[in-house]
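Please consult the sequence and structure shown below.

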Amino acid sequence: MANTIGILTGGGDCPGLNAVIRAVVRESDAAGWDCVGILEGWRGLVEGLFRDLPLRDVSGILPRGGTILGTSRTNPYKLDGGVDKVLASIRDRGFDAIVAIGGEDTLGVATRLHAEHDVPVVGVPKTIDNDLSGTDYTFGFDTAVSIATEAIDRLHTTAESHNRVMVVEVMGRHAGWIAVMSGIAGGADAIVIPEQPLDYEQVAEALRKRHARGKNFSIIVASEGTELPGLADDGEVDQFGHVTLSKRGVGEALAQEIESRTGFETRVTVLGHVQRGGSPTARDRVLATRFGLKAAELALSGQFGLMAALQGDDIVAVSLEEATAELKTVPPEWYAVAQAFFG
Ligand code: F6P
């Protein structure tokens, strides 16, 4: 029987997941290994949900968004006997390696399974949030930034025609990367992110100054993860302890405060899952493909507990433990680039 690699995609879906799956299957097949899809992230190993992944099943999936394997936010460490079920599934299916494609949560589970149970796992960094350490970029981020930038461009025309302030709420659970990059690319007049203390009066003053010099409209990009005074969560959390940030209403709260301080008519657009949908950009397809080939190379050569990563122009392997130890947030120098254009 041929050696087998199990592939799973966990956490929020993200453009480029299918490109990684395709690359892992192609590289493994060339080495005479089989691939099996583990369905719906870690749930697939807890509940024994699998599908074969022959070459023909990955043909044509490169440009497709989402994941042909399905995904979930299942955390085996939070389920009764979850980890034992995962270990039994790996044994029963005869997996020689697991390629886990995910963000901080999915790869956090991979890190623990490797450290505590010697599970033969290799990670691939996925998230539109771009907040994983050890890699310069995650795939999916470029697509999300492109979508957010296009939205900002479109909102400019309405803002200008109606003399309005437009608040654009973008994703980013702990880090404001999408807000900063799309804000720079889209020419935002203010950007609020979790990493920077929010001063309402400073934002209001920047807009007043802008309007005073004849610009009767403004665009504010707000990261959904920003803490605003008085905003409460509904208390519901997923298996990784996360609240649904889009329900928190950062954009709406910010808009109300800005309108009441400046008197400028202010509207909100919440981009939400549009940022994660559809086809990956060429850059994300290439990055995801390179990550997939690297992950397969590591799996085929028995190098586990590692994650494929981008450093400069090179694809390298970094330790999963390092990559998941702390999040990569937006440093002040990146925010300063955006700030140079506020007001
Ligand atoms: O982590 C990726 C992400 O898209 C975050 O930016 C966002 O807060 C979260 O997932 C949304 O998750 P869900 O799709 O489960 O609402």
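## Ligand shell

Which residues surround the ligand? They are Arg73, Ile128, Asp129, Met171, Gly172, Arg173, Glu224, His273 and Arg276, where a residue is near a molecule if one of its heavy atoms lies within 4 Å of it. By class, this shell holds 5 charged, 2 polar and 2 nonpolar residues; Asp, Glu, Lys and Arg count as charged, Ala, Val, Leu, Ile, Met, Phe, Trp, Tyr, Cys and Pro as nonpolar, and the others, Gly among them, as polar.

## Basis of the model

The model is predicted: local features need pLDDT of at least 70 and side-chain atom pairs count only at pLDDT 80 or more, while totals for chains, interfaces and linings use all residues. Residues are numbered from 1 along each chain as its sequence is written, and side-chain values use heavy atoms, with hydrogens and water left out.

## Polar contacts and cover

Polar contacts here are pairs of N or O atoms within 3.5 Å. An oxygen atom of the ligand lies 2.7 Å from an N or O atom in the His273 side chain, and a ligand oxygen is 2.8 Å from an N or O atom in the side chain of Arg276. At Gly172, a polar backbone atom is 3.2 Å from an oxygen atom of the ligand. On its own the ligand has 400 Å² of accessible area, of which the protein covers 82% (Shrake-Rupley method, 1.4 Å probe).

## Domains

The domain assignment, automatic or from a database, gives domain 1 (4-139 + 280-324) and domain 2 (144-275). Their centres, taken over C-alpha atoms, are 33 Å apart. In contact (heavy atoms within 4.5 Å) are 14 residues of domain 1 and 15 residues of domain 2. Each of the two domains supplies at least three residues to the shell around the ligand.

How values were computed
A polar contact is a pair of N or O atoms within 3.5 Å; within protein, one must be able to donate a hydrogen and the other to accept it, and residues adjacent in sequence count only if both atoms are side-chain atoms.
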